[in-house]
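Have your viewer open as you read.

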Amino acid sequence: MSRLTITLSEARYRALKEASARRDKTIGQLVDESLDFYGIKSSEDARDLVRRARARSKLGEDRAVAVAQKEVDAARGKP
């Protein structure tokens, strides 16, 4: 496991330390959970996720692209 040094304001550090104590977790565990929550993944993990989704899907590539484009258009408010 890699180590990381970050700089936080004193108030932010105290809040993080208090949150870790309340949840009975380390600061590292809280940071790791937060990264998971925001979808931060390695490229390898993201490729694996896509590979598993494709394996479970019954859609061909053309149909999958069409569905994805429809979802993007809907999210962007396009008709």
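How many helices and strands does the secondary structure of the protein come to? It comes to four helices and zero strands, where helices (H or I, at least four residues) and strands (E, at least two) are DSSP runs numbered from the N terminus. Read from that end, the order is α-α-α-α. Keep in mind that this is a predicted model, with local features needing pLDDT of at least 70, side-chain atom pairs counting only at pLDDT 80 or more, and totals for chains, interfaces and linings using all residues. Residues are numbered from 1 along each chain as its sequence is written, and side-chain values use heavy atoms, without hydrogens or water.

Now the overall shape. The protein has a radius of gyration of 19 Å, whereas a compact globule of 79 residues would come in near 12 Å; the radius is taken over C-alpha atoms, and the globule rule is 2.2 Å times the number of residues to the power 0.38. Along the principal axes, the C-alpha trace spans about 50 × 30 × 20 Å.

Last, zoom in on the loop between α1 (10-23) and α2 (27-37), where you'll find Asp-24. Asp-24 isn't a glycine, yet its phi is positive, about 55°. Most residues other than glycine have a negative phi. Asp-24 counts as exposed because its relative accessibility is 71%.

Conventions:
Buried means under 20% relative accessible area, exposed over 50%, partly exposed in between (1.4 Å probe, protein chains only).
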